[in-house]
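Here is a short report on a protein fold.

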Amino acid sequence: MGFDLILRGTAVLPDGSLENAWIGISAGKIEAIGTSEPPSDAQVHDCGDELILPGIIDGQTHACSYGGLPGIRSTTRSAIAGGITTIVDMPYDNPAPLNDLQRLKEKVEAIEQHAHAHVALYGTVLPGQSMEDVASLIDGGVVAFKISTFESSPTRFPRISSDQILRLFHALADTSLPLGVHNEDQEIVRAYIAAAKAAGQNGIQAHSASRPPAAELAATAQFLELGASAGAHAHIVHLTTARGFQLVDNYLADGFRATGELCVHYLWFDPERDGEELGARMKVNPPIRPGQIEPLWEEVLSGRVAFVSSDHSSWPIDNKFTDSIFDAGAGVPGLETLLPAFYTAADERGFDAAAMTVEQLCERPAKFFGLWPQKGAIRIGSDADLTVVSRTPQIWNAKNAHDDLNWSPFDGRRFNITVSRTYLSGELAFDGENILNQPGDGRYVRRGQSHWFE
């Protein structure tokens, strides 16, 4: 059999690492995996002692929240440089969210024009919108839906009422699609922010305290109960405490479809340790909380974390330069740091970092969003989306990022690995320094047949 390309190195497969492996690629697919001498009639790239991983899937990004649909270009360029071959993009685009078939069509056209990486999409609904558009968005290939219990913007990021959330759950109950939620109780948060301002409190520590765990957990509990009553899949897109994951697990144990997601910055930063240095640069919602890093790692080890994502937000640094922490934008860039940050944190705790990375950043999100087994694993018949990493340490310099933002809370942090190559559909897209593929080489990825609870 002839191959277009053969990669040699240590391949991290679903059942463990395979040294001295070779992967044969043809027409964008993995056609063979072996350990003997590979065929000689193909281009061969020898990765040496580097690790060959499945292409990373980032299950939570906000590519278009600032620059509109053209923001897909810089976001996916950064993704490719970070070893991410598929992003799952949230629906809260600027100036209007993805809530109907026309907006889906427009975003797919933008992907076809701008994307360097593959893109799967969340859909949403607006306040008062009927459920008629839900079916058309599902038919259009969206992989999930998301709403918010907190209003950041009345048009782009609105609050959805409880009765409408319940109707949406009922509309999704007979499908495999999850409904995700930004989980904060609006009344609690606004009251606490008002009290903090009145008391003259400021700084990143005040931000965490002004959006207390009670606000997050109250919204989480109500959302899970609404999902359970409808028999639908309720997904919490970011939990910041171990208690949150345990609450989700209680519903799962009772036989309901419930999952919780973790973002990598919650596994790295603590406002009491890092707040003075980073300030608003580490502001996200829900907040990064003190004392939660190790408890959250325990949740990862327990299996209660569905998967880990970046929650990448395309905000320029000027959005953080405000007199008050309460006026600073929430969100951080994360596409080029998701893989090395997660791997490094796992590695430094003595875990099998390669296997854990593939599980949390590849296999689990692929299954969750209906992309398995085409994506998420190195296996025969899967897409040849592959990431090669060297175990060469690096000090992250955000000025070298490929996202047009060039700032990061991870700036100056030491990572234990470096992305050396990224292959998209069997083609070299990043060589460790330069993006080699073109806008439009990425494709719109529709939801397939796999689902989390099969």
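This is a predicted model. An open sheet of eight strands runs in the order β11-β10-β9-β8-β7-β6-β5-β14, and its pairing is parallel. Strands β11 (258-260) and β14 (312-313) form the edges, each pairing on one side only.

Inside the sheet, β7 (residues 118-123) and β8 (residues 144-148) run parallel and are joined by two bridges. Gly123 has Phe145 in β8 as its bridge partner.

| Helix | Strands touched | Angle |
|---|---|---|
| α1 (residues 71-81) | β6 (84-89), β7 and β14 | about 140° with β6 |

Next, the cores. In soluble globular proteins, nonpolar side chains tend to be buried together. Here the largest nonpolar core has 109 residues. Ile147, Phe169, Leu179, Phe223, Leu262 and Trp297 have the most contacts inside it. Helix α11 (residues 338-348) gives the most to this core, with seven residues.

Which residues is Phe169 in contact with, leaving aside its neighbours within four places in sequence? Phe169 contacts Leu179, Phe223, Leu226, Gly227, Ala230, Ala232, His233 and Ala234. Among these partners, Leu179 and Phe223 are also listed with the most contacts inside the largest core.

A second core is separate and has 17 residues. Its members include Met90, Ala144, Ala366 and Leu371.

Conventions: Residues are numbered from 1 along each chain as its sequence is written. This is a predicted model: local features need pLDDT of at least 70, side-chain atom pairs count only at pLDDT 80 or more; totals for chains, interfaces and linings use all residues. Side-chain values use heavy atoms; hydrogens and water are left out. A nonpolar core is a set of buried Ala, Val, Leu, Ile, Met, Phe, Trp, Tyr and Cys residues joined through side-chain atoms within 4.5 Å. Buried means under 20% relative accessible area, exposed over 50%, partly exposed in between (1.4 Å probe, protein chains only). Helices (H or I, at least four residues) and strands (E, at least two) are DSSP runs, numbered from the N terminus. Contact means heavy atoms within 4.5 Å. Two strands pair if DSSP finds at least two bridges between them. Axes are lines fitted to C-alpha atoms, for helices over the stretch in contact, and angles run from 0 to 180 degrees between N-to-C directions.
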